[in-house]
Amino acid sequence: MSEQTASKDAVVVERIFEAPIDLVWQMWASAEHFKQWYGPHGFSIPVAKMDVQVGGKRLVCMEMQTPDGSRQMWTTGEYLEVVPTTRLVYTDSMADADGNVLSPAAMGMPEGTPETTQVTVVLEDLNGRTKMTMTHAGVPADSPGASGWNQAFEKLAAYIESSQA
């Protein structure tokens, strides 16, 4: 059900969801839905502020419980394109809790990691099913980010299924 296309500088994931396009769109456009599935296994989303309109800002916190306590990772960005039910494009940068962009080096990321990446989500109606193609430009396909996206989409598929039950 999942296919990842190799690319040196982007993660590309295609998935088909057994759900109508309007529902899959809401999973990306509604903060309450987004909080239920976003992030790798073991992470929760205590904060998702999303002003889904061109020029709107986003601030998301992923949280994981570790033996040393809670660990939070914040990201921020801006919506560049919003075409309801079919296309969503936004920037993504590591941030602090106030939405201030942090340098990748400050976050312990490898040299050459871009400060800002771009996520593009394209949805296509397949007669009641939905094909989603997500491209995260600036994140190598062989990076931990690729694995994180695939885990998130596993969570998304399960959440969609439970939402329709």
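I began with terms: helices (H or I, at least four residues) and strands (E, at least two) are DSSP runs, numbered from the N terminus. With that, I counted three helices and eight strands in the chain. Along the sequence I read the pattern β-β-α-α-β-β-β-β-β-β-α.

I noted the ground rules. This is a predicted model, where local features need pLDDT of at least 70, side-chain atom pairs count only at pLDDT 80 or more, and totals for chains, interfaces and linings use all residues. Residues are numbered from 1 along each chain as its sequence is written, and side-chain values use heavy atoms, with hydrogens and water left out.

I checked confidence next. pLDDT is the predictor's confidence in each residue, from 0 to 100. The chain's mean is 93, and 95% of its residues reach 70 or more. Over residues 1–7, pLDDT stays under 50. Where pLDDT is low, the predicted coordinates should not be read in detail.

I looked up burial. Buried means under 20% relative accessible area, exposed over 50%, partly exposed in between (1.4 Å probe, protein chains only). Buried residues make up 42% of the 165 residues. In helix α1 (residues 21–29), seven of the nine residues are buried, so the helix is largely enclosed by the rest of the structure. Among them I found Trp25 and Trp28.

I then picked Met62. It sits in strand β4 (residues 57–66). Met62 is buried, at 12% relative accessible area. Beyond four places in sequence, Met62 touches residues including Tyr38, Phe43 and Met73; contact means heavy atoms within 4.5 Å. The C-alpha atoms of Met62 and Lys49 are 12 Å apart.
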